[in-house]
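My notes follow in the order in which I took them.

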Amino acid sequence: MRVTFTANGKPVEADDVWEGESLLYVLRERVGLPGSKNACEQGECGSCTVYLDGTPVCSCLVAAGQVQGREVRTVEGLTDENGELGLVQQAFIDAGAVQCGFCTPGLLVQTDALLEQEAQPSDNDIREALSGNLCRCTGYEKIMDAVRLASARKCAKGSGE
Amino acid sequence: MSTRTIQGQKNLQDIRQSSPDGIGGSPLRPDGNLKVKGEFAYSSDMWHEDMLWGMALRSPHPRANILSVDISEALKVPGVYAVLTHDDIPGSKFYGLEIQDQPALAIDKVRYHGEAIALVAADHPETARRAVKKIKVEYEVLTPIVTEEQCLNPEVHGYVHEPHEYKSHGYGNICHEQKLVSGLGVTDEVRAMADVIVSGTYEVGMQDQAFLGPESGLAVPAEDGGIDLYIATQWLHVDRQQMAPVLALPEEKVRLTLAGVGGAFGGREDLSMQIHACLLAQRTGKPVKIVYARDESFFGHVHRHPAKMFYEHGATRDGKLVFADCRIVLDGGAYASASPAVVGNAASLGHGPYVIPNVKMHAIALYSNNPSCGAMRGFGAVQAAFGYESQMDKLAAELGMDPVELRQLNAMSEGDYMPTGQQIDSPAPVAELLQRVKDMPLPPPLDLDNLDIRTVPGALSNTSHGEGIVRGIGYSVGIKNVGFSEGFDDYSTARVRLEVIGGEPVAMVHTAMAEVGQGGVTVHAQIARTELGVEQVTIHPANTEVGSAGSTSASRQTYMTGGAVKLAAEAVKQALIEKGRRRYGWTEKDITLVGGKVVSESAGVLVPMVDLLGDEAIDLTREHHHRPTVPFDKETGQGFGHVQYTFCANRAVVDVDIELGLVKVVELTAAQDVGKALNPLSVVGQIQGGCTQALGLAVMEEIIVKDGKVRNASFTDYLIPTILDTPPIPVDVLELPDPNAPYGLRGVGEAPTVSATPSIVAAIRQATGIALNRIPVRPEHLTGTL
Ligand code: FES
Ligand code: FES
C-alpha cells in the first residue's frame, strides 16, 4: 500500500508498504528518518518515541497504515530549520546525559512533551514521565540533570530573561 | 597567525593556562551533536541501495541431534536470494575468542537454545522471516545437560562437546579451572587458629548486558573479492581475526569499520551476526544487513555467568581475618567464549580487597547446554563480590562488629599482597573509600504523612500506602583488575597526524578503538589537545586500517588506547620540535607546545606551530603495551597476573515493603579512586551507569533458564532498571595517581558494577533480617512465599 503523511512538517510518501510494517520501520527504512531507534520493537523501551499529532507514542507499536494523513514529528524535527539544536537537545549534551545515545532520541521527544505540558516538573514528575524510556548506560542521574537544566532554561526564556 | 611578537614570561604564563578542553576538563562529546539530532549512524541505521536483509534460523532445543535440514521450500519464497547452512561455509567452520569451539552454523547438533542453524537473505525482513519459517529441520531431541551435578558426571549425563572433539582447556564438561593456595592454605590447623568461622553458599542468576542498540551491521561485498563490514563491536581486529578463516579470506580483505554502537558492556566481545552477514553477502554478491530483534539479541550474545559459590571465612575474636576457603562454579554454557579469563578473574579477585593470610580457592567454568556466557561488565569479579561481601556482613554480625569497621580492619592497602602473591604497587585506598561513603549525608527518613506514593515500592498500583515499609542501610566494597591479564600481550595502537588546516594547527587521532558510549573519543581529543597544545582535534573513524586497539572492555581503553594516543602525540611533538631545532638552531632544552605555539620556559614563544609546520604534515603511529603479566600457576594461582587494580565502595539505602516483598532503592552512594579523572563528567557518568547495572542484578535482572530453555527473551520479561527504579547516585571521586599508568589514571567502568550489588543486598538484609543468599532478590524471597 501507499502511505502518505507529514514528517517534521514535510509531506512524505512511502510505496509498497506491507500491512505489517510499523511506523518505525517506515520512518527508518523508507523515508530516510533513522533518528528514532529500534531497541525492542515491542513498546517496552521508548527509544522509538515520536510525536503523532502532537502526542508522544512508541512508533514501533503504530501500524504504518494508521498514520495515513497524519502528522509525525521525530527527533530530527526537534532541530530547527537552520540546524540549531532545540533546548532539550542542548541540555542533554551539556549535562552529559548522552553516552551511547541509543536511548537519546526517544528521551528527547518524551522530555520535550513533558516540558510542553509542565515547564517546571518535580523530580518525581520527571521520573514518572520518563519511566517508559529505558537507558542502559547512564544510570539516569545525568538524564535527570538534563531535564532539570532544560526546564530551568525554558523557564528563564519564558520569563524573558 | 604568522606574527611572532608575543615574547616574555608573562605572556607565556597566559598561554600556558591549560585548555579547559584538555585532560582534567569536561569538554562535550564530539559525537553528542549528531546523537541528539538523530543523525548519528548506529549499526542498525546502515543502509545501502539494493541491500538484502539477513536472518538466522535458531534452534528451539537446547540439546538435539540435527537429523536433516531441508531448505528447498525456503528457497522458493519470492524475494529470497540465498539460504545457507554450514555446508556453504567456504573456510573453517569454527571460531571462538579463546577456544575455537563454536560453529558459525550448527553442524549435526545444537548445544543451546537459540543456536543458529541456517541463514536467509531476502529483499524484506518479513520475507526473510517467512523463509526462515519454511526451513524444515528434523531433530532428535536429547536431555540437556544443565545442572552442575549433570555437568560434572559426563559418564552418566553425557558431554556437551564429545571428548574426541575436545577443544577446551579442561576435561569432561569443565571448560577451565583455576586453583589458588596462599599462606598455609586451609587446613585443620589453620581453621583452629580462627575464633569464629562463618560459611555460606551463594547463587547469582544469569544477567544480560541488555545494551539498547541491537546487534546489527551491513556487509558489502567488494570488487577485490573482499568484504567491507560496518559493524557495532568492541574489538574490530579480534572480530576480523575470527572471521577471516571462516570466510576463507586473507585478513586484509576483511575490512571492518565501526558503525555507531548502542552500548556493549561485554556483550559485543564475541561475534554475533558478523560472519552471518558476510557469508550472505559473499553468496549473493549484494550488501546484506542484519538487525536482531530483541529476542534474537538475547539468543545471539553471551551473558554474565550464573554462579554457585561456597565461602568459608575464619577470623579472630577481634575481627582479623585468618583464612578464606572458596569454591566458585560458573556455568559457561555451550561454548567457551571468554570463560577461561572469567575463571582467572574469579579465582584471583574472589577474596575481595582484603588481606587474608591463608586462602584456598577453586574456580571452574562448566560447559553445559545453557546459553553461553562470557564477558559482562565486572567480568568474574561481580559474582565473587556478592559472595565475599555477604560473608563480611555475616562475620560482622557473628562478631558483633560494625560491618564497615570489620572491612576497614582487614582492608588491603598499597604494599599489601594479593593471595596470588602479587604486591599491590599503587594506591589501594579501600578503607578510605568505605569511610567516604559512610560519611556522606543520609537521605531524609521516609515521611509517611507527606508521602508521594510514586516513591514507595508498589504503591502506584494502590496496593500500599507505605504501611509495611522498613528502611535498611548496607555497605560494600569491591576489587577489579584493569586490562587483560595472565600474560596476554595487551596493547593498543594510535596514529596522530598534525597539520595546518585553515590556518590553524589541527590534530587528527586515528585508532581502532570501539567507542561504545564510554566516551573514549572525547578523552582522545583531550589527550591530543594537552600533548600538542592545539584546540582543534578530529577523530578519524575507527577501522582496521590502523593497528589493533584491543577490546573496549576490562576498563582498559583510556589506559591502553589513551596511552597510545599520548605516545603518538608525544612523538609528533618531538618530531615538530626537532624540525624547529634543525631549522632555527634552538638550543633550549625545555621546549614544548602550548596554545598553538612552540614555546620554551627560558626563551618564551619560539614560533607559531603553523609557521614551523608549513604544508607538511607529521603523521606518526605508536603502540602502547602495558607492563607484562604472567599466567597464574594452575595449582597455586601464584603470579603477577594483573596490571592494575581498581576499587569502589558503596552505601545503599533501601525501603522494603515487607508485606509485598518489594524493594525501592532510595539512594546508592559510590566512592571510587580513579587515579586521575581525565574527564570528570564522563567518570561520574560511568560510575552511575555501573551502579545501575549492579542494582539491576541485585533486585530484578535475570535470564530465566529452565531445562536449558530461555523463558524471558524480551524487555517485557527481562527487567532492567527504569528511571523510577533508579535512585539518586551521589559519587565521590578520589584521585590517587598510579605511578605505572598514563597520567596516573585508573580504569573506571567496571569497579562500581562489582561493588554496588552487595551493598543493596546488605541493605535489604538489614531491613528484613532475611539471609538472602541468591540474587536477584525477588519478592518471594522476602515474603517467604518461595
Ligand atoms: S523500539 Fe519502540 S518501544 Fe522499544
Ligand atoms: S545512553 Fe546508552 S542507552 Fe542511554
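**Entry 1: conventions.** I take contact to mean heavy atoms within 4.5 Å. By that rule, 63 residues of chain B are in contact with 54 residues of chain A. The model is predicted, so local features need pLDDT of at least 70 and side-chain atom pairs count only at pLDDT 80 or more, while totals for chains, interfaces and linings use all residues. Residues are numbered from 1 along each chain as its sequence is written, chains are lettered from A and ligands numbered from 1 in the order in which they are written, and side-chain values use heavy atoms, with hydrogens and water left out.

**Entry 2: the interface.** I looked up buried area, which is the accessible area (1.4 Å probe) that two parts lose on being put together, summed over both. Chains B and A bury about 4,500 Å² between them, with 58% of it on carbon and sulfur atoms. B:Val36, B:Leu212 and B:Ile723 supply 18% of the area that chain B buries against chain A, more than any other three residues.

Next I checked polar contacts (pairs of N or O atoms within 3.5 Å; within protein, one must be able to donate a hydrogen and the other to accept it, and residues adjacent in sequence count only if both atoms are side-chain atoms). Between chain B and chain A I find 26 residue pairs in polar contact, both at pLDDT 80 or more.

Which elements of chain B supply at least two residues each to the side that touches chain A? They are helix H2 (32-37), H4, strand E14 (288-291) and helix H18 (680-699); helices (H or I, at least four residues) and strands (E, at least two) are DSSP runs numbered from the N terminus. H18(B) gives the most, with eight residues. By class, this side of chain B has 29 nonpolar, 22 polar and 12 charged residues, where Ala, Val, Leu, Ile, Met, Phe, Trp, Tyr, Cys and Pro count as nonpolar, Asp, Glu, Lys and Arg as charged, and the others, Gly among them, as polar.

**Entry 3: salt bridges.** I count a salt bridge when a side-chain nitrogen of Lys or Arg is within 4 Å of a carboxyl oxygen of Asp or Glu. A:Arg28 forms one with B:Asp45, the closest N and O atoms being 2.7 Å apart. A:Arg2 and A:Glu13 form another salt bridge (3.4 Å, N to O). A:Arg2 lies in the segment before strand E1 (3-7) of chain A and A:Glu13 in strand E2 (residues 10-14) of chain A, so the pair ties together parts that are 11 residues apart in sequence.

Entry 4: Two strands pair if DSSP finds at least two bridges between them. An open sheet in chain B has the order E3-E7-E1-E14-E11-E12-E13, with mixed pairing. Strands E3 (80-84) and E13 (254-258) of chain B each have a single partner strand, so one side of each is left without a neighbour in the sheet. The twist averages 20° from one strand to the next; axes are lines fitted to C-alpha atoms, for helices over the stretch in contact, and angles run from 0 to 180 degrees between N-to-C directions.

Strand E12 (residues 227-231) of chain B pairs with E13(B) in the parallel sense over five bridges, and B:Asp228 has B:Arg255 as its bridge partner in E13(B). Helix H8 (residues 236-247) of chain B packs on the sheet, touching E12 and E13 of chain B, with its direction at about 150° to that of E13(B).
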